[in-house]
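Subject: Structure for you to look at

Hello,

Here is the structure I said I would pass on.

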Amino acid sequence: MKIKLLSIFLLATVLSIGQTGQVSGTVTDENGNLLQYTTVFIKNIDKVIYTNSHGYFNTPKLPYGNYTFQFYSLGHQQIIDSIDIDQPNIITNTVVLKSLIYNLDEFEVNQDNSNGFNVRKMRAIEGVMITQGKKSEAIALEKIDANKATNLSRQVYAKIPGLNIWESDGAGIQIGLGGRGLNPSRNSNFNTRQNGYDISADALGYPESYYSPPTEAIEEIQMIRGAASLQFGPQFGGLINFKLKEANPKKRLETIVRQTVGSFGLSNTFISLGGKNKSWTYYSYGNYKVGDDWRPNSSFDVRQGYLNIKKRFNEKSVLGIEFTKMYYLAQQPGGLTDNQFESYPDTSFRSRNWFSVDWNLAALNFDHEFNSNTKLNSRTFGLIASRKSVGYLDQINRIDPMQERNLISGDFQNIGNETRLVHLYEKNKLPWAFVVGARIYKGFSNSVQGEANNLSGPDFYFTNNTSSISSDNIETNYSFPSLNFSLFAEHIFNLTEKLSITPGLRYEYIATSANGDYRITYNDLAGNLIFDTVTNVQRENNRGFVIGGIGLNYKLSEDIEAYANYSQNYRSVNFTDMQIRNPNFRIDPILKDEIGFNSDIGIRGNIDNKFYLDASVFYLFYNNRIGTTIEVDSNLYNTYQYRTNISESRTIGLETMVEADWFKIISHENTKNKFSSFLNFAYNNAKYTSSDQTAFYGKDVELVPPIVLKTGLSIGNEHFSLSYQYSFTKEHYSDATNSTSSTNAVVGLIPDYKTMDISGKINYKKFQIEFGVNNLSNEIYFTRRATAYPGPGIIPSQPRNFYLGIQITL
């Protein structure tokens, strides 16, 4: 009998030794909020894993036995638990971590891991992105006081240093951001995304964003400067990602209704619906905005809609589908000359110029968690869109003859997929991580320009209702197919508990083509047509290249770190602009691609949510920089802008953002009252360093303000907040020859300008009231000189204006 029992015991022991099991579960705080990236330490084997973005963890396979688990998240009390692994899959009860409380003398202080400011550094691993060692920012839109109805960029991006912001219309339909001396036109030097996928017209041939989501629908704006080139494409500017709001997981249906009214006939309605039902979540919004703006001939009508539906199949896999629709129609009052702006900035000399955009975006997102350390994300996205502009485009110092207008029609179609794998693992008892990914993208654009009707309304059709180049009213008809394939990888090496190195590589294959026809005509001095011919163009440009970069991060203390980065950049020629005819603007037919690099070094930190700092210096180098010069038409003797490879250029700058919460600094109490101030200062020195044309050597690079300053104060509590902001931008040039003025106002100096804004909000239960005054001191200024729409000429910014809004949450 003893022999049988011994045999059974030995057999069970042998079997147990050969068997393995996994432990999985979810970690939350005491309020049920999922705790992402919680440390899960398995003491027996000295192994560390982390919860994912949904608070879920899953261990590797472990031999049967008893294990000690330690759960720890910053700001919470740790929990130590003993778990017996005696079956293949063990699902634990939800692990609940309580908030950490310190008793300091007679004060009780709750440690809160959330950032008390409305801007933060992005995490080392943000979803499926690695941002360690890069200059990055994330703006929490719920926390800011701003005119969200008009997407007022100088308030929304107030704490992002170094941005040159164009103000093209009073509705905020299109935002224009330029960083480190790059052209702000429709964010064309940034890789602009929504929820991680492209939203621009064509990422290669026409990287301009005619669509931007309404600020009221955005949860967070994530920005990475030039170092984003390795993971998101080789653009010099970096990444802007609009992370939209999602469903409230605690409600089956939550409805938010917002209505804002303002000066110049502004009316903005925003309604969102969202919720969770079992394994399904959904979020949608609709936005309708109309107004007249402050100058004649400036009316606008904007309609937007969005739907996001997600299905969670299990703890590991989620499939989501998104669709975005935007349509807007805007009348454009045209620009002004310098004299007109000085005398009558509120006038308009164009009554027949119109602009229309129809944008349709779709995306399919798949997320899969292999375990707590490994995550796969795959996004398939597509766009069907169009933009149409009709009007009189001749120089603004010429009166509209009320004859046939000019029509530019663009159609865009693209589809792509980007797949990423993020893996965390342990080396020398330190967490290491890498991301690898691939991207394939195919685009097709068609652009037609020619003579349109002689009407005054938004009638977007060509003369004779044809877009064929065989018709003598068509000037250009081009198609622009493009193909892009990329592979990329980055790795975080934590060499010590303080020092990390993050190198990366990206391979790009780009194929762009321009296929079409353009018409060449000449008139004699009496205006009679003496030459008319059509030229066919078939042009291809295929290239492949590798770019690299490296980032460093060093923890000076628990709250402060130093960082440095070097990343190569590349920007392909924008073919879609090359044959558009405009009396004010012409383009070199043999433009070359731009190459260069971004580098920066800085220090940043957040000390107990009392003091926030991010200060850095950067160096941006361009070769074959594309810029504009002033040329004279040999036939008509008019000046026009000529876009060509100017020369090499370099930009050196300082970017500093500091914010302090004085209540928390002065008092040790855990108060919800807030009195904070911030200072955002940037200095840029941008020069052309070499050129075949001596006229450009040593000149300032255009569209680079030497100084950009924003500063402000905020006071409030959980029910009330009020913010004041002062903004200043130093004078700068709009072309590479540094012209101070021109008769048609297309080029010249952009003078100093400053603004003051006051915004606030009041919360009471389900209600929120928002109010504000923008351009408090009623400054008359402009931020840009346009070569075409919405000009040409000087585009005046809005004078003093007011807004008042109410929000109801049901």
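This is a predicted model: local features need pLDDT of at least 70, side-chain atom pairs count only at pLDDT 80 or more; totals for chains, interfaces and linings use all residues.

Salt bridges: the whole structure has 39 of them. One joins the side chains of Arg180 and Glu655, at 3.2 Å from N to O. Arg180 is in the loop between strands E17 and E18 while Glu655 is in strand E38, so this pair ties together parts 475 residues apart in sequence. Arg180 is buried at 3% relative accessible area, and Glu655 is buried at 0%. Both belong to a network of salt bridges with shared partners, which also takes in Glu137, Arg225 and Asp600.

Lys687 and Asp700 form another salt bridge, at 2.5 Å. Lys687 lies in strand E39 and Asp700 in the loop between E39 and strand E40, so the pair links parts 13 residues apart in sequence. Lys687 is partly exposed at 26%, and Asp700 is partly exposed at 26%.

Aromatic rings: there are 26 aromatic pairs. One cluster consists of Tyr206, Tyr210, Tyr328, Phe355, Trp359, Phe412 and Tyr789. Elsewhere, the charged end of Arg604 sits over the ring of Tyr563, 4.0 Å from the ring centre.

Surface: a nonpolar patch of about 850 Å² includes Val261, Phe720, Tyr764 and Ile769. Strands E41, E44, E45 and E48 each supply at least two of the patch residues. Ile769 is in strand E45 and is partly exposed, with 35% relative accessibility.

Regards

Methods: Residues are numbered from 1 along each chain as its sequence is written. Side-chain values use heavy atoms; hydrogens and water are left out. Patches are made of residues with over 30% relative accessible area and no salt bridge: like charges are joined within 9 Å, nonpolar side chains (Val, Leu, Ile, Met, Phe, Trp, Tyr) within 5 Å. Accessible areas come from the Shrake-Rupley method with a 1.4 Å probe; for residues, only the protein chains shown count as cover. A salt bridge is a side-chain nitrogen of Lys or Arg within 4 Å of a carboxyl oxygen of Asp or Glu. Helices (H or I, at least four residues) and strands (E, at least two) are DSSP runs, numbered from the N terminus. Buried means under 20% relative accessible area, exposed over 50%, partly exposed in between (1.4 Å probe, protein chains only). Rings of Phe, Tyr and Trp (its six-membered ring) pair if their centres lie within 6.5 Å; planes under 30 degrees apart count as stacked, over 60 as edge-to-face and the rest as tilted. A charge sits over a ring if NZ of Lys or CZ of Arg is within 6 Å of the ring centre and within 35 degrees of the ring normal.
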